Amino acid sequence: MSQISKKQSEARAKVDRTQNYPLKDAIELVKGSSYCKFDETVDVAVRLGVDPRHADQMVRGAVVLPNGLGKDVRVLVFAKGEKEKEAREAGADHVGAEDLVAKIQEGWFDFDMAIATPDMMGVVGKIGKLLGPRGLMPNPKVGTVTFDIERAVKECKAGKVEYRVEKAGIVHAPVGKLSFEADKLRENILALMEALVKAKPSAAKGTYIKKISISSTMGPGVPLDVADVSSQLV
């Protein structure tokens, strides 16, 4: 069992786990608890009142964060002909068809998001078992299977985040970097929360947003006041 370092202990001591913090205070606490020399990613974890084992309670989608993710997103596009040209002009990092499938089958994964035109899904399906576990499989539900390639590429480059509820009913998603100004992190967090609220399944009963917490890559989780966050949603 790994031991907790002195810096980790000091960071954890700053957070009262019995308290639910207003969003503004929580962001300041996350930024103030950092002890790493690199620019950590800030993540949000949301426990939802759904049972993902039932298809009618699955929560999945994507949202373009207003302030991006603070990193260069490498986008791959499976397309041919005019759509291949459209992808390159839109700024895609890698564009191709069977040639890219062959590279991926050989173990190449030098990209962060994958997009495909609908007519290419027969080809892409051959590597579904390789892309799926890595969260890279194009899917129409999150807008990555589309003929509107220009829009899809630009959204991914701008900071599009996909979210999907896990078996335990929790959604994890990045919302920016620790170096972001507090207001920009707040805007990104609220954009994600608004998307989750809009994605509420009609079959979900009772309390939908049960718990929310935010943390940096190495920092402690900070519990949020759900009522405070909800009051700031549009």
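The second largest pocket has a volume of about 240 Å³, a volume being the space filled by probe spheres set on grid points joined across faces, edges and corners. A pocket is an open set of points on a 1 Å grid over the protein atoms alone where a 1.4 Å probe fits, with protein on both sides within 12 Å along at least five of seven lines; lining residues have an atom within 4 Å of a point. The model is predicted: local features need pLDDT of at least 70 and side-chain atom pairs pLDDT 80 or more, whereas totals for chains, interfaces and linings use all residues. Residues are numbered from 1 along each chain, and side-chain values use heavy atoms, without hydrogens and water.

R17, K211, I212, S213 and P223 lie nearest the centre of the second largest pocket. For the largest pocket, the residues nearest the centre are D112, M113, R134, G135 and E162.

Strands are DSSP runs of E, at least two residues, and helices runs of H or I, at least four, numbered from the N terminus.

I212 also belongs to the largest nonpolar core, of 41 residues, where L48, I212 and I214 touch the most other members. Such a core joins buried Ala, Val, Leu, Ile, Met, Phe, Trp, Tyr and Cys residues through side-chain atoms within 4.5 Å, buried meaning under 20% relative accessible area with a 1.4 Å probe, protein chains only. Helix α8 (182-198) is among its contributors and gives the most, eight residues.

Conventions: Buried means under 20% relative accessible area, exposed over 50%, partly exposed in between (1.4 Å probe, protein chains only).
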